[in-house]
Amino acid sequence: MIKKEPILKTKRLIIAPMSDTELHDLIDKTADEDLKQAYGEMLRGCESHPDERLWYTAWKICMKESGEEIGSAAFKGEQTNGAVELGYGINSGFEGRGCATEAARALIDWAFSRETVFFVEAETAPDNAASTRVLEKLKFRPDGEGAEGPRFLLEKPASELMSVYM
């Protein structure tokens, strides 16, 4: 039986996990060496953890009406101690429209629907005020410093915690 991967839909967006072929294509067309390396790490994670690939792959963010791809997001591997880390980016022509917040909210909701995920973490570059604002809107709280800059943490709401144990 083929496992069906989720497609997340919001008011304006469709967010879907990339296939290994799409990741290969993304690596080939990406000029930024840091991003190319990150996408390569994602692909290796997908290949070495095929049953958990949704935690390793990039998720493409597309406008619902036009289908235009406007950015991507990713978890940075499977949960560790009940936490996953989320990263995201929106193409410059679509920044400032709430798309990052909308996409991140959908991915957070999906992550919290997993029984073993109780926290979502994120890091931003110190000078990335827009990304910090997205995390603030989503009710993340500051949680120290990470390798990329300030760290933020969001805890699964108590009502969702309770439903896991009932």
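**View 1. Helix H3 of the predicted model, residues 99-112**. Helices here are DSSP runs of H or I with at least four residues, strands are E runs with at least two, and both are numbered from the N terminus. The expected span of a helix is 1.5 Å times one less than its number of residues. For the 14 residues of H3 this gives 20 Å, and the end C-alpha atoms agree because they lie 20 Å apart. Of these 14 residues, 12 are buried (under 20% relative accessible area, with a 1.4 Å probe and protein chains only). Among the buried residues are Cys99, Glu102, Trp110 and Phe112.

**View 2. The largest nonpolar core**. Such a core is a set of buried Ala, Val, Leu, Ile, Met, Phe, Trp, Tyr and Cys residues joined through side-chain atoms within 4.5 Å. H3 provides the largest share of the core, 10 residues. Neighbours within four places in sequence aside, the contacts of Ile15 (heavy atoms within 4.5 Å) include Trp59, Ile61, Ala103, Ala106 and Leu107. Residues are numbered from 1 along each chain as its sequence is written, and side-chain values use heavy atoms, with hydrogens and water left out.

**View 3. The open sheet of 8 strands**. The strand order is E1-E2-E3-E4-E5-E6-E8-E7, with mixed pairing; two strands pair if DSSP finds at least two bridges between them. E1 (8-9) and E7 are the edge strands, each pairing on one side only. E1 runs antiparallel to E2 (residues 13-17), to which 2 bridges join it. In this pair, Lys9 stands opposite Ile14 of E2.

**View 4. The hairpin of E7 and E8**. E7 (residues 141-145) pairs with E8 (residues 150-155) in the antiparallel sense over 3 bridges. Pro142 faces Phe152 of E8 as its opposite residue. Between the two strands lie 4 residues, and Gly149 in the turn has a positive phi of about 145°.

**View 5. Lining of the largest pocket**. Its 48 lining residues include Leu35, Ser72, Gly87, Tyr88 and Gly89, the closest to its centre. H1 (20-29), H2 (33-48), E4 (69-75), E5 (83-90), H3, E6 (119-123) and H4 (129-137) each supply at least two residues of the lining. On a 1 Å grid over the protein atoms alone, a pocket is an open set of points where a 1.4 Å probe fits, with protein on both sides within 12 Å along at least five of seven lines; lining residues have an atom within 4 Å of a point. In this predicted model, local features need pLDDT of at least 70 and side-chain atom pairs count only at pLDDT 80 or more, whereas totals for chains, interfaces and linings use all residues.

Methods:
Buried < 20%, exposed > 50% of the residue type's maximum accessible area, 1.4 Å probe, protein only.
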